[in-house]
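User: Please examine the model shown below and discuss its fold through a series of questions and answers.

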Amino acid sequence: MTRTRVLTGITTSGTPHLGNYAGAIRPALEASRDPSVESFYFLADYHALIKVQDPARVQRSTLEIAASWLAAGLDPSQVWFYRQSDIPEIPELTWLLTCVAGKGILNRAHAYKAAVDKNREAGEDDDAGITAGLFMYPVLMAADILIFNADKVPVGRDQIQHIEMARDFGQRFNHLFGEHFTLPEAAIEAHVATLPGLDGRKMSKSYDNVIPLFAPREQLKKLIYSIVTDSRAPGEPKDAEASNVFQLYRAFASDAQAADMRRAFEAGIAWGEAKQALFERIDAEISPMREKYEALIAKPAEIEAILRDGAARLRARYATPLLAQLRDAVGLRDLSKASVAVSAQDEKPAPATFKQYRENDGTFYFKLVRGDRVLLQSAGFDAPREAGQRVAALKQAGRLDGDSSATLGDGVTRDEVDAALAQMAEPAE
Ligand code: TRP
């Protein structure tokens with residue numbers, strides 16, 4: 001069964017807060033437990049460089065976000081968990097996409113346009129202080145998504161445009177160079193909570209109204225007690241729906257607990273008492289994770305090892321073979337193979353060909369054959385795409401190159417296979 005690939009990126013520019021937890025981390029981890037989903041979670045540290053030019057902060061944020069996801073229950077043996085800058089194929093693909101991306105489309109990107117509008121209002125030059133990084137942001141994001149052929153990308157409304165751009169760039173590339181990319185879809189999570197911050201506006205770092213996810217207990221309590229409320233006295237009925245204390249409570253409570261709290265509001269619960277109940281509810285959910293978080297943060301080398309391992313496995317499995325295929329598709333090819341082709345034309349044996357097929361057990365294979373002689377036999381793959389990518393990578397490499405996903409046929413030498421592959425790597429004409 002081919003699983004649906006769901007991919008999420010988190011920019012490493014801040015400290016995770018309760019809004020990130022309820023709105024992104026918790027729902028994403030719940031969704032990843034679905035066995036029909038293959039989940040990709042990554043730390044978008046190249047994206048962080050667009051807005052943060054403080055190296056210590058990029059590093060700290062990367063550590064905190066990685067530790068937060070792990071503490072919240074992410075299992076790196078079940079999902080792909082990695083750091084963007086550990087996958088060099090992402091910036092390589094960014095350039096290939098840059099060369100098909102319409103500049104006019106990038107001119108219309110919301111983040112870039114907002115920066116231009118701000119400059120105009122201030123009477124400045126349109127592009128004053130705007131880096132090419134901000135302008136190119138959607139291309140980098142498209143590479144994040146397309147390098148793993150993600151099917152679905154859960155995002156907030158502000159990011160829908162970026163997914164549409166990724167589709168557009170992927171489609172243009174496919175049109176020019178063959179079907180290499182899955183066109184991703186945005187998955188909008190309508191029922192996911194948007195939490196109010198301390199001042200009642202949406203909890204967001206840019207409003208400076210956040211409650212850090214792993215604030216120590218005492219600080220958590222202090223922050224919750226500082227939430228702005230109206231001045232209704234104890235005993236006066238209070239409107240639960242309009243209250244940010246209630247909104248926060250509901251995000252961490254069962255339906256039954258929320259219904260009880262709603263009745264307490266109607267009965268005139270004192271603000272102090274409501275805040276105490278809110279603190280206890282949040283702390284009950286967070287404190288077991290907080291312990292794990294603190295243990296993880298104390299061992300940054302372990303987190304580093306987890307991230308590197310994720311990236312290494314992911315590159316070997318998907319990114320490196322796909323990039324080999326893409327380089328070949330656009331014409332970044334080994335010149336020696338083209339010239340050998342011309343001089344050796346006359347003595348060429350009958351060409352070898354790849355055959356892809358499916359066994360009754362639902363597993364996909366390929367073999368390299370010349371007539372009815374089997375030169376190379378692959379191991380089984382879960383998806384035809386994976387087999388196809390290996391085949392493309394072998395053709396591109398023009399030799400076996402330490403590949404362990406296939407074994408030599410009976411009585412076949414490695415040299416014979418290498419020669420057959422080298423021949424296939426030649427241009428068609
Ligand atoms: N731009 C996203 C944000 O600010 C983060 C991100 C980077 C991302 N690359 C991605 C999200 C790829 C989804 C897919 O939230």
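User: How many helices and strands does the protein have?
Analyst: The model is a predicted one. Its C-alpha atoms fill a box of roughly 95 × 55 × 35 Å along the principal axes. The secondary structure of the protein comprises 16 helices and 9 strands.

User: What percentage of the residues in the protein is buried?

Analyst: Among contacts between residues at least 6 apart in sequence, 72% join residues at least 24 apart. Of the 429 residues in the protein, the buried share is 47%.

User: Which residue of strand 2 is the bridge partner of Gly-9?
Analyst: Strand 1 (residues 4–11) and strand 2 run parallel and are joined by 8 bridges. The bridge partner of Gly-9 in strand 2 is Phe-42.

User: What is the handedness of the β-α-β crossover from strand 1 to strand 2?
Analyst: Between strand 1 and strand 2, the chain passes through helix 1 (residues 18–32). This β-α-β crossover is right-handed.

User: How many residues of strand 2 are buried?
Analyst: Val-37, Ser-39, Tyr-41 and Leu-43 point one way from strand 2, while Glu-38, Phe-40, Phe-42 and Ala-44 point the other way, and all are buried. For strand 2 (residues 37–44), which is mostly covered, the count of buried residues is therefore 8 of 8, where buried means under 20% relative accessible area.

User: Which residue in strand 7 stands opposite Tyr-357?
Analyst: Strand 6 and strand 7 (residues 364–370) are paired in the antiparallel sense by 6 bridges. In strand 7, the residue opposite Tyr-357 is Tyr-365.

User: At about what angle do helix 9 and helix 12 pack?
Analyst: The residues of helix 9 that meet helix 12 include Leu-220 and Ile-224, and those they meet include Phe-279 and Ile-282. By class, this contact of helix 9 with helix 12 has 6 nonpolar, 2 polar and 5 charged residues. The crossing is right-handed. The axes of helix 9 (residues 217–225) and helix 12 (residues 271–297) are 10 Å apart, and the packing angle is about 145°.

User: Is Asn-149 buried or exposed?
Analyst: Asn-149 lies in the loop between helix 7 (132–146) and strand 4 (152–155). Its phi is near 45°, a positive value in a residue other than glycine. Most residues other than glycine have a negative phi. With a relative accessibility of 1%, Asn-149 counts as buried.

User: What is the relative accessible area of Asp-208?
Analyst: Asp-208 is found in the loop between strand 5 (185–188) and helix 9. The phi of Asp-208 is also positive, near 55°. Asp-208 is exposed, with a relative accessible area of 71%.

Definitions and conventions. Residues numbered from 1 in each chain as written. Predicted model: local features only at pLDDT ≥ 70, side-chain atom pairs only at ≥ 80, totals over all residues. Heavy atoms only, no water. Axes fitted to C-alpha atoms, helices over the stretch in contact; angles between N-to-C directions. Helix = DSSP H or I, 4+ residues; strand = E, 2+ residues; numbered from the N terminus. Left-handed = near helix turned anticlockwise from the far one by under 90°. Contact = heavy atoms within 4.5 Å. Nonpolar A, V, L, I, M, F, W, Y, C, P; charged D, E, K, R; others polar. Buried < 20%, exposed > 50% of the residue type's maximum accessible area, 1.4 Å probe, protein only. Pairing = 2+ DSSP bridges. Right-handed = clockwise from strand over helix to strand, strands pointing away.
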